[in-house]
Amino acid sequence: MNVQRILVTGRLYAELAALLPDKRPDKAFRFVAEEELTDDDFVWADAYVGFRPAGPFSLANLRWVHSLGAGVDAFLWKREWKKDVLLTRTVGSFGEQIAEYCLSYLLRDAQCHDVYAWHQEQRQWKPFAPKRLGEQRVVIYGTGEIGRRIAETLRLFGVSPIGVSRSGRDTPPFSAVYRHEEAGEALACADWVIAALPLTEETHHLFDETFFACLHNAGFINVGRGATVEETALVGALENRNVRLAVLDVFEEEPLPPHSPLWVHPNVIITPHIAALTSAEDAAQSILDTLRCIETGEPLANAVDVSRQY
Ligand code: GLV
């Protein structure tokens, strides 16, 4: 495929302006803030790089769209796509970042940070043994690049992670992989469920009342997409103790609205969609690698299957 005029936008556009043109002096670039995009940019460009379709986004003249995020729901969810436009995504160090995020909350819980902080405030000396991470039963929804990296990291601490995927196909490093319909038993004894799913027709509100009813006092972490969770069902599950602690980085509506009951729930930890952030360096590398593969016809590891929506 021949790509000549690349329109770059999104929060990293100025940093990418300093990184890309020297590397590919044969290409024409425009670096534009989202709010300054015009129709003319989309008439000019044959490739678009950004976190989402911004400004007067139009696929009409584009051949290639590169998502600066790992998730591509901003481009595909409830939107029309044009079959002949290639969609690729940035993966970079997402798996490592998300694995560290999850690990930090598992350890915080196992080492009873909250309890000891409270005891210290009360000047109370009350020893009891922290839980060992290796004894925690962890179920990870999503066995793609990110889910696998979480599983690999937890394995280093002795966890035998169970995966849940569309196909239920055995995938290392998971000890076992089930389809969602078959996961009931694993969920019933899970200490933690980690959701690392993209948003698709199939995963929308997958974590609903029926799902949460399978859990018994489990921790629930969502590092995938907010709309995979039915938030009212989650609040109900926290009340019923199906879920004892929810760690949420993503929400159906972002920013999470001030009136959401999740903000003030004592057993909910909220972070503002930071479990994995694209750095300018990761983004530039991903753009350059993808561009090279497009030009040489090498296989693209980061191409999105638009029919599957991820
Ligand atoms: C973050 O959630 C991303 O998709 O990049």
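Domain 1 and domain 2 bury about 840 Å² between them, and 56% of that is on carbon and sulfur atoms. Buried area here is the accessible area, with a 1.4 Å probe, that two parts lose on being put together, summed over both. On the domain 1 side, Asp73, Trp77 and Val91 lose the most area to domain 2, together 59% of what that side buries.

A word on the model. It is predicted: local features need pLDDT of at least 70, side-chain atom pairs count only at pLDDT 80 or more, and totals for chains, interfaces and linings use all residues. Residues are numbered from 1 along each chain as its sequence is written, and side-chain values use heavy atoms, without hydrogens or water.

Now the domains. Domain 1 is 5–92 + 278–296, and domain 2 is 94–270. These bounds come from an automatic or database domain assignment. Their C-alpha centres lie 32 Å apart.

The rule is a side-chain nitrogen of Lys or Arg within 4 Å of a carboxyl oxygen of Asp or Glu. Aspartate 73 and arginine 225 form a salt bridge through their side chains, at 2.7 Å, N to O.

Last, glutamine 136. Glutamine 136 sits in the loop between α5 (113–121) and β6 (138–141). Helices (H or I, at least four residues) and strands (E, at least two) are DSSP runs, numbered from the N terminus. Beyond its neighbours within four places in sequence, glutamine 136 touches Lys131, Val159, Asp191 and Trp192.

Notes:
Contact means heavy atoms within 4.5 Å.
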